[in-house]
Amino acid sequence: MNQAEIIIKTLGEFIVMIITGAFLGFVFDIFRSMRRAVKQNKVKVNNGSVLVQDIIFLLVTFVVLVLVIYGINGGILRAYIFIGCCAGFITYFMIASPVFGRLCFGVFYIIVKSIVITFKLIRKLLCSVIKIFAKKHKK
């Protein structure tokens, strides 16, 4: 390989890592939006579920990074790989996150709100059924 081919290959790897960083920023926005939607709907969440979400995010991030790095250059770690990933992550949060973050939050808010309303209706229905059976068994 001559010098020009090496530079083009390296530049291509850098661009792929910028895209990967932006994708990971989007995945982070999804997780963050899910948490906000649950919190806004006043659903009680214990620390264990937050820990599980964090572990899932870290595993997804790790798998994506390993697969991409292995796919673009055989798993060789270089500084520009990490710089590109960070640049993509930061760029996503500066440009796209305000739009996609709100969109993701809106979708998850509606989903969580629907689930909460459904569970409340089921609980009311079950309580009514229990009261009816309790009155019949008292007589």
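Biologist: Where is Ala-87 placed?
Modeller: Ala-87 sits in helix α3. Keep in mind that this is a predicted model.

Biologist: How far apart are Ala-87 and Thr-20, in sequence and in space?
Modeller: In sequence they are 67 residues apart, and in space 9.8 Å, C-alpha to C-alpha.

Biologist: Now α2 and α3. At what angle do they pack?
Modeller: Helix α2, residues 47–73, and helix α3, residues 79–95, pack at about 130 degrees, and their axes are 12 Å apart. The two are therefore oblique to each other.

Biologist: Which residues make the contact?
Modeller: On the α2 side, Leu-65, Ile-69, Ile-72 and Asn-73; on the α3 side, Tyr-80, Ile-81 and Cys-85.

Biologist: How many of those are nonpolar, polar or charged?
Modeller: Six residues of the contact are nonpolar, one is polar and none is charged.

Biologist: Is the crossing left-handed or right-handed?
Modeller: α2 passes α3 in a right-handed crossing.

Biologist: Which residues of α2 are buried?
Modeller: Phe-57, Thr-61, Val-64, Ile-69 and Asn-73.

Biologist: And what covers them?
Modeller: The cover includes α1, residues 3–40, and α3.

Biologist: How far does α2 reach from its first C-alpha to its last?
Modeller: With 27 residues, α2 reaches 39 Å, close to the 39 Å expected at 1.5 Å a residue.

Biologist: What comes just after α2?
Modeller: Gly-74, which takes a positive phi of about 75 degrees.

Note on methods
Residues numbered from 1 in each chain as written. Predicted model: local features only at pLDDT ≥ 70, side-chain atom pairs only at ≥ 80, totals over all residues. Heavy atoms only, no water. Axes fitted to C-alpha atoms, helices over the stretch in contact; angles between N-to-C directions. Helix = DSSP H or I, 4+ residues; strand = E, 2+ residues; numbered from the N terminus. Parallel < 35°, antiparallel > 145°, perpendicular 65-115°, else oblique. Left-handed = near helix turned anticlockwise from the far one by under 90°. Contact = heavy atoms within 4.5 Å. Nonpolar A, V, L, I, M, F, W, Y, C, P; charged D, E, K, R; others polar. Expected span 1.5 Å × (residues − 1). Buried < 20%, exposed > 50% of the residue type's maximum accessible area, 1.4 Å probe, protein only.
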